[in-house]
Amino acid sequence: MSDCIFCKIINKEIPANIVYEDELIIAFDDIAPQAKVHTLIVPKEHIPNNLYLEGRHKPLIGHLILKANEIAKIKGIAETGFRLIVNTGKDSGQEVPHIHWHLLGGEPLGRLICK
Ligand code: AMP
């Protein structure tokens with residue numbers, strides 16, 4: 001989508017600190033981190049939020065969740081633990097309408113809920 005900020009990062013039209021990338025997903029550090037490690041894991045396909053996932057996305061989501069472990073290792077938080085969060089819609093406070101997983105860690109997260 002031409003006006004989607006995450007599509008612009010995927011298309012390298014705007015910069016980001018890219019941590020991992022393959023044919024299906026990209027991971028980059030959040031511009032306003034809410035923990036010592038705060039990385040976003042984003043499918044390259046423009047899917048607005050969790051409600052738009054279809055059966056055909058099952059391989060993509062499985063891939064992303066498994067890669068989240070790898071990305072956690074890259075960020076050095078696999079051993080200490082991490083949280084994965086997907087905000088969906090208005091009450092969640094979702095700001096960017098391109099589905100993404102927040103990967104948070106690097107310190108005790110307590111009740112931090114990524115909003
Ligand atoms: P959400 O509120 O779940 O939609 O999360 C959107 C996240 O995207 C927020 O944590 C923002 O800080 C982050 N964000 C917005 N623009 C950028 C950007 N250009 N680069 C990296 N992260 C961004």
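## Pocket, central strand and salt bridges

The largest pocket is lined by 23 residues, and those nearest its centre are Phe6, Asp30, Ile31, Leu40 and Val96. The model is predicted: local features need pLDDT of at least 70, side-chain atom pairs count only at pLDDT 80 or more, and totals for chains, interfaces and linings use all residues. Residues are numbered from 1 along each chain as its sequence is written, and side-chain values use heavy atoms, with hydrogens and water left out.

A pocket here is an open set of points on a 1 Å grid over the protein atoms alone, where a 1.4 Å probe fits and protein lies on both sides within 12 Å along at least five of seven lines; lining residues have an atom within 4 Å of a point. The space in the largest pocket is about 410 Å³, a volume being the space filled by probe spheres set on grid points joined across faces, edges and corners. Its lining has 11 nonpolar, eight polar and four charged residues. At least two lining residues come from each of α1 (5-10), β2 and β3, and α1 gives the most, with three. Helices (H or I, at least four residues) and strands (E, at least two) are DSSP runs, numbered from the N terminus.

Strand β3 (residues 37-43) has seven of its seven residues buried, so the rest of the structure largely encloses the strand. Buried means under 20% relative accessible area, exposed over 50%, and partly exposed in between (1.4 Å probe, protein chains only). Val37, Thr39, Ile41 and Pro43 point one way from β3, while His38, Leu40 and Val42 point the other way.

The whole structure holds seven salt bridges. A salt bridge is a side-chain nitrogen of Lys or Arg within 4 Å of a carboxyl oxygen of Asp or Glu. Three of them are tabulated here.

| Salt bridge | N to O distance |
|---|---|
| Lys75 and Asp29 | 3.0 Å |
| Glu45 and Arg56 | 2.9 Å |
| Lys67 and Glu70 | 3.1 Å |

The side chains of Lys75 and Asp29 meet in a salt bridge. Lys75 lies in the loop between α2 (58-74) and β4 (82-85), and Asp29 in strand β2, so this pair ties together parts that are 46 residues apart in sequence. Lys75 is partly exposed, at 27% relative accessible area.

Glu45 and Arg56 form another salt bridge. Both lie in the loop between β3 and α2, so the pair ties together parts that are 11 residues apart in sequence. Glu45 is partly exposed, with a relative accessible area of 30%, whereas Arg56 counts as exposed at 54%.

Lys67 and Glu70 both lie in helix α2, three residues apart, or about one turn of the helix. Lys67 is buried, with a relative accessible area of 18%, while Glu70 is partly exposed at 37%.

Salt bridges also link Lys12, Glu21 and Lys44 in a network.

Key. Nonpolar A, V, L, I, M, F, W, Y, C, P; charged D, E, K, R; others polar.
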